[in-house]
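Please view the sequence and the structure together while reading.

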Amino acid sequence: MQVNEIESIRVTTDDVMQAIRDYQQKFAIEHFTTREIAKQMGVDEYPVRTAFSWLHRYQMIETVPCVRSIRYTKAHGEEYSATVYQIKPESTAADFAALNRIFGYGG
């Protein structure tokens with residue numbers, strides 16, 4: 001694929017979420033970076049970063065606390081760290097009957 005072809009591919013948040021699930025299933029790993037998902041999709045990393053921003057904003061993915069991926073710049077080989085993400089676990093529904101019993105409102 002040529003560079004021009006990579007740039008012309010439209011990347012949506014749905015595409016990125018599917019790529020994340022595919023990546024996790026393929027490699028049996030919960031954590032991922034924008035670079036890994038972009039590689040999985042065969043697209044440039046920048047549109048994936050944009051999708052990650054939206055997915056993070058709408059709490060579909062979250063950063064993994066205290067975990068960073070070490071990277072090196074192409075030009076000078078300087079080290080920098082990249083954020084590592086995971087799919088945010090879904091919350092369970094509140095058990096209002098149990099809460100009412102705890103606070104003395106239920107029978």
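Helices here are DSSP runs of H or I of at least four residues, and strands are runs of E of at least two, numbered from the N terminus. The model is predicted: local features need pLDDT of at least 70 and side-chain atom pairs pLDDT 80 or more, while totals for chains, interfaces and linings use all residues. Residues are numbered from 1 along each chain as its sequence is written, and side-chain values use heavy atoms, without hydrogens and water.

Within α2, the residues V16, M17, A19, I20, Y23 and Q24 are buried (under 20% relative accessible area, with a 1.4 Å probe and protein chains only). Seen down the axis of α2, these buried residues fall within an arc of 160 degrees, taken from the directions from the helix axis to the C-beta atoms, so they line one face of the helix. On the other side, D14, Q25 and K26 are exposed (over 50%).

The cover over the buried residues of α2 includes α3 (34–41), α4, β1 (61–72) and β2 (79–87). Helix α2 (residues 13–27) packs against α4 (residues 45–57) at an angle of about 90 degrees, with their axes 9 Å apart; the axes are lines fitted to C-alpha atoms over the stretch in contact, and angles run from 0 to 180 degrees between N-to-C directions. The two helices are therefore roughly perpendicular (65 to 115 degrees). In this contact (heavy atoms within 4.5 Å), T13, V16, M17 and I20 of α2 meet A51, F52, W54 and L55 of α4.

How values were computed: Parallel < 35°, antiparallel > 145°, perpendicular 65-115°, else oblique.
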